[in-house]
Amino acid sequence: MECRVLSIQSHVVRGYVGNKSASFPLQVLGFEVDSINSVQFSNHTGYAHWKGQVLTAEELNVLYDGIKLNNVHHYDYVLTGYSRDTSFLKTVVDIVQELKRLNPKLVYVCDPVMGDQGSMYVPENILPVYRDKVVAVADILTPNQFEAELLTGRKINTEKDALEVMDMLHQMGPDTVVLTSTDLTSPRGDQFLVALGSQKIVRPDGIKCIQKIRMDMPKVDAVFVGTGDLFAAMLLAWTHLNPNDLKAACEKTVSVMHHVIKRTMTHANEMAGPGNRPNPAQLELRMIQSKKDIEDPAIVVEATVL
């Protein structure tokens, strides 16, 4: 059975963020990807200059209506990322609800992009839309620590706090929650970043339980753009290919990330030359060059079952 994803994310002419970061890896893994570009920019906004257009909620509806009129709006997955407009986000929710009525098995993967390290980079009126409308229809949610704290109103200081926050998020809707990055101290030392995952599953004997895992990922000293979009896309793919096995899905996802980032870092440093910090153009993800790693990643991070 072919698997079809509707991905509503940003598009850049040059580089890899949003749909550019998600489409190729999903296609490589055998998914059909239908893309709606929420923005079309020349490049990501980390560059000195960028130009482009933003899709309105009305324009999103027009595109969706076109798909509907041709009766080709059957999807297995919906994937969304960065959005800074409340009416656009509410329209996404309407579309997801309608697609779920058509296919009750549809899985909505949502990266609730709002901010990081204690500061928001979207308007504050986006938060109640995510919290009260979007999370309720999401099946897989991939917030960072700050976004999870915003959605639940609860601070995370310890691993126990983080596990409780993930439980709160489960109660709000999604069966799978992955905290993609946290400020928690890794047992392996300060060179490692802690990510946590939690998945509600039904065992073969019919008993409901929650699988919880922790991953300690090597830190990288650089700012990459598009990695969150790649993470959400790969989690979609690997949870599909490893149903009810969050440990395996997260190990594959994080290992893909590791290989892509490592290859990107090596290339960026070569381009920048000794003693120079790479610029945004040099730090664009080496996506095409990582095709083999995306298809069959060597596992470099093992998840710990909690």
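The legends below describe close-up views of a predicted model.

**View 1. Helix H2 and its buried face.**
Helix H2 covers residues 57-69 and has 13 residues. From its first C-alpha to its last, H2 reaches 18 Å, close to the 18 Å expected at 1.5 Å a residue. Four residues of H2, namely Ala57, Leu60, Tyr64 and Ile67, are buried. Seen down the axis of H2, the buried residues fall within an arc of 80 degrees, so they line one face of the helix. On the other side of H2, Glu58, Val62 and Leu69 are exposed. The buried residues of H2 pack against strand S1 (3-12), strand S2 (31-41) and helix H3 (86-102). Asn71 follows H2 and has a positive phi, near 55 degrees.

**View 2. Helix H1, enclosed by the rest of the structure.**
Helix H1 is formed by residues 18-28. Eight of its eleven residues are buried, so H1 is largely enclosed by the rest of the structure. The buried residues of H1 are Gly18, Asn19, Ser21, Ala22, Ser23, Pro25, Leu26 and Val28. Their packing partners are S1, S2, S4, helix H7 (227-241) and helix H9 (291-295). Just after H1, Gly30 takes a positive phi of about 100 degrees. The view also includes Lys20, whose charged end sits over the ring of Tyr16, 5.5 Å from the ring centre.

A pair of aromatic rings is described by the distance of the centres and the angle of the planes. The structure has one aromatic pair. In this pair, the rings of Phe31 and Tyr77 have their centres 6.4 Å apart and their planes at 80 degrees, so the arrangement is edge-to-face. Phe31 lies in strand S2 and Tyr77 in strand S4 (residues 77-80), so the pair ties together parts that are 46 residues apart in sequence. Phe31 counts as buried at 5% relative accessibility, and Tyr77 counts as buried at 7%.

**View 3. Cysteines without a disulfide.**
A disulfide is a covalent bond between the sulfur atoms of two cysteines. The structure holds zero disulfides. The cysteine sulfur closest to that of Cys3 belongs to Cys250 and is 18 Å away, too far for a bond. Cys250 is likewise in no disulfide, and the nearest cysteine sulfur to its own, that of Cys209, is 15 Å away. Cys3 counts as buried, at 7% relative accessibility. Cys250 is buried, with a relative accessible area of 1%.

Val165 is buried, with a relative accessible area of 0%. Leaving aside its neighbours within four places in sequence, Val165 is in contact with Ala148, Thr152, Arg154 and Ile156. Val165 and Gly52 are 113 residues apart in sequence and 37 Å apart in space, C-alpha to C-alpha. His170 is also buried, with a relative accessible area of 4%. Not counting residues up to four places away in sequence, His170 touches Asp175, Thr176, Val177, Ser198, Gln199, Lys200 and Ile210.

**View 4. Gly228 in helix H7.**
Gly228 is found in helix H7. This glycine is partly exposed, with a relative accessible area of 33%. Between the C-alpha atoms of Gly228 and Ser87 the distance in space is 23 Å, and the two residues are 141 residues apart in sequence.

**View 5. Two loop residues with positive phi.**
Gln117 lies in the loop between strand S6 (115-116) and strand S7 (119-120). Although Gln117 is not a glycine, it has a positive phi of about 50 degrees. Gln117 is exposed, with a relative accessible area of 63%. Asn244 is found in the loop between H7 and helix H8 (246-272). The phi of Asn244 is near 60 degrees, a positive value in a residue other than glycine. Asn244 is partly exposed, with a relative accessible area of 46%.

Conventions: Residues numbered from 1 in each chain as written. Predicted model: local features only at pLDDT ≥ 70, side-chain atom pairs only at ≥ 80, totals over all residues. Heavy atoms only, no water. Expected span 1.5 Å × (residues − 1). Buried < 20%, exposed > 50% of the residue type's maximum accessible area, 1.4 Å probe, protein only. Arc of directions from axis to C-beta. Contact = heavy atoms within 4.5 Å. Disulfide = S-S within 2.5 Å. Phe/Tyr/Trp six-rings, centres within 6.5 Å; stacked < 30°, edge-to-face > 60°. Lys NZ or Arg CZ within 6 Å of the ring centre and 35° of its normal.
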